[in-house]
Amino acid sequence: MMTEIINLTTDRLIIRDLNYDDLDFIYVIHSKPEVQKYATLDIPESIEESKDYLRKYMEQQNHSPRKEYGFCVSLVNQEPIGLIGLSNGLGKFKSAELWFKLHPKYWGKGYITEAALLVMKFGFERLLLHRIEAGVATENVASIRVLEKIGMQKEGLRRKILPIRGEWKDNFHYAVLEDDFIQIH
């Protein structure tokens, strides 16, 4: 059974389900050290690793309900600029984790904030989530700023939880509840 293909839009962006045409972009963005600096996912050694990554999200498109939503963030001219998603593994708790990556060429233009707000709206309105969470390395100032701009609140510190390039890094835990999101957006 094929489920609905997700396609969300703003005036500047298209956020859509990943497809096989995204493989080269996924490989490129994951190969950028500045993008992967705070990520637990290593820089891919080959495009085959990116194929495995993409396959996980493509296979989820055939499940209902999905546990993973992986989206390509593109400009309205179809140029891909980033990745964003929701990991919805805690169905009983109506909770999901938000994650995102943006090509450095597009940093500082508000694109990921715009995409994150739209994906959270999708999570609360269409997936009927109660809570959306995000973890962020304590040194990742830009992503912390995005999480705070989209209305997430810092709930705590998780010490030495992120395995990043052979080191254990601290992580701030952020979240927004459906009621809070509706009030501020």
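**Terms and the values behind them**

Modeller: Arg16 has its place in strand β2, which covers residues 13-17. Please bear in mind that the model is predicted.

Colleague: Why is Arg16 called buried?

Modeller: The relative accessible area of Arg16 is 17%. Buried means under 20%, and Arg16 is therefore classed as buried.

Colleague: Which residues are in contact with Arg16, leaving aside its neighbours within four places in sequence?

Modeller: They are Ile6, Asn7, Asp22, Gly70, Phe71, Cys72 and Ser74. For a contact, heavy atoms must lie within 4.5 Å.

Colleague: What makes β2 largely enclosed by the rest of the structure?

Modeller: Five of the five residues of β2 are buried, so the strand is described in that way.

Colleague: How do you know that β2 pairs with β1 and with β3?

Modeller: Pairing requires at least two bridges. Strand β1, residues 7-9, has three bridges to β2, and strand β3, residues 68-75, has five bridges to β2. Thr9 stands opposite Ile14 of β2, while Leu13 stands opposite Leu75 of β3. β1 and β2 also form a hairpin, with three residues between them.

Colleague: Why is Lys160 called exposed?

Modeller: Its relative accessible area is 53%. Exposed means over 50%, so Lys160 belongs to that class. Lys160 lies in strand β7 and has a positive phi of about 45° although it is not a glycine. Gln78, in the loop between β3 and β4, likewise is not a glycine and has a positive phi, of about 80°.

Colleague: What makes the peptide bond between Ser64 and Pro65 cis?

Modeller: Omega is about 0° for the bond that joins Ser64 and Pro65. Pro65 is located in the loop between α3 and β3.

Colleague: How do you know that the span of α3 is close to the expected one?

Modeller: α3 has 14 residues and reaches 20 Å from its first C-alpha to its last, and the span expected at 1.5 Å a residue is 20 Å. Among the buried residues of α3 are Tyr53, Leu54, Tyr57 and Met58.

Colleague: What lines the largest pocket?

Modeller: The lining has 44 residues, with Phe100, Lys101, Gly135, Asn140 and Ser143 nearest the centre. Elements giving two or more residues to that lining include α3 and β7. By class, the lining has 22 nonpolar, 11 polar and 11 charged residues. The volume of the largest pocket is about 1300 Å³.

Technical notes. Residues are numbered from 1 along each chain as its sequence is written. This is a predicted model: local features need pLDDT of at least 70, side-chain atom pairs count only at pLDDT 80 or more; totals for chains, interfaces and linings use all residues. Side-chain values use heavy atoms; hydrogens and water are left out. On a 1 Å grid over the protein atoms alone, a cavity is a set of points where a 1.4 Å probe fits but cannot get out, and a pocket is an open set with protein on both sides within 12 Å along at least five of seven lines; lining residues have an atom within 4 Å of a point. Grid points are joined across faces, edges and corners, and a volume is the space filled by probe spheres set on the points. Helices (H or I, at least four residues) and strands (E, at least two) are DSSP runs, numbered from the N terminus. Ala, Val, Leu, Ile, Met, Phe, Trp, Tyr, Cys and Pro count as nonpolar, Asp, Glu, Lys and Arg as charged, and the others, Gly among them, as polar. The expected span of a helix is 1.5 Å times one less than its number of residues. Buried means under 20% relative accessible area, exposed over 50%, partly exposed in between (1.4 Å probe, protein chains only).
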